[in-house]
Structure formats: structure tokens, C-alpha cells
Amino acid sequence: MSSDARHQHVDPQECADYLEQIVYFIDNELAEADCAAVRVHLDTCNPCLEKYDLQRTVKQVVARSCSEPAPAELRERVMLRIREVQVRITEA
């Protein structure tokens, strides 16, 4: 469907309801009937489609980033900070 065919008048409450479901839709955690309703809404609502695309992109970037090991220097700094906090807790 072309972007011209997407409705421009957006019902904020209807969109809010669908936007709450987008994360579950992306993760395939919705029932098929709910998935179908989200797809129809995304096909007819440009603002929600843009938010869906952004959310999907962010999830992909985070997933890719989480699969890479942290640099050794960063790991050492984090471990040092954890030890400092543990010492303060034991001294308190």
C-alpha cells in the first residue's frame, strides 16, 4: 500500500493500544488474531509503522551489540568498580 493510501487522521487512543502490542508483535508473542489486527493497523497507519520500524531496528541493534564480548579494558574497569562497592558495603 502506498503511503498516500495510509490514513492521515490518527486516533491517538487506537494507536496507543497498538503501540503497546508492537513489542510483543516483534517478538512473536501475540496470538495470530492479534498479529493480524496489528498488521492491518500498521498497513493503514504511517505514524505507527514508523514507530514499529524504529522499535524493530533498535531491538536488532541491541541484540547484535549484546552478542559481542565487552572489551577487556571495560571488563576490568567494571570489575574494579564492583570490588570498590563491595568493600564499601562490607565496611559499612
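How far is the sulfur of cysteine 15 from the closest cysteine sulfur, and in which residue is that sulfur? Let's find out in the viewer.

Before you click, note that this is a predicted model, where local features need pLDDT of at least 70, side-chain atom pairs count only at pLDDT 80 or more, and totals for chains, interfaces and linings use all residues. Residues are numbered from 1 along each chain as its sequence is written, and side-chain values use heavy atoms, leaving out hydrogens and water.

**Stop one: the cysteines.** Select cysteine 15 and cysteine 48. Their sulfurs lie 3.5 Å apart, too far for a bond, because a disulfide is a pair of cysteine sulfur atoms within 2.5 Å. Searching the whole structure gives zero disulfides. Cysteine 15 is buried at 6% relative accessible area, and cysteine 48 is buried at 2% (buried is under 20% relative accessible area, exposed over 50%, partly exposed in between, with a 1.4 Å probe and protein chains only).

**Stop two: helix H3.** Now select residues 46-66, which form helix H3 (helices are DSSP runs of H or I, at least four residues, numbered from the N terminus). H3 has 21 residues and reaches 30 Å from its first C-alpha to its last, close to the 30 Å expected at 1.5 Å a residue (1.5 Å times one less than its number of residues).

**Stop three: two faces.** Colour Asn46, Cys48, Leu49 and Tyr52, the buried residues of H3. Down the axis of H3, its buried residues fall within an arc of 160°, so they line one face (the arc is that of the directions from the helix axis to the C-beta atoms). On the face turned away, pick out the exposed Glu50, Leu54 and Cys66.

**Last stop: the cover.** Show helix H1 (12-26) and helix H2 (32-44), which are among what covers the buried residues of H3.

How values were computed. Helix = DSSP H or I, 4+ residues; strand = E, 2+ residues; numbered from the N terminus. Contact = heavy atoms within 4.5 Å.
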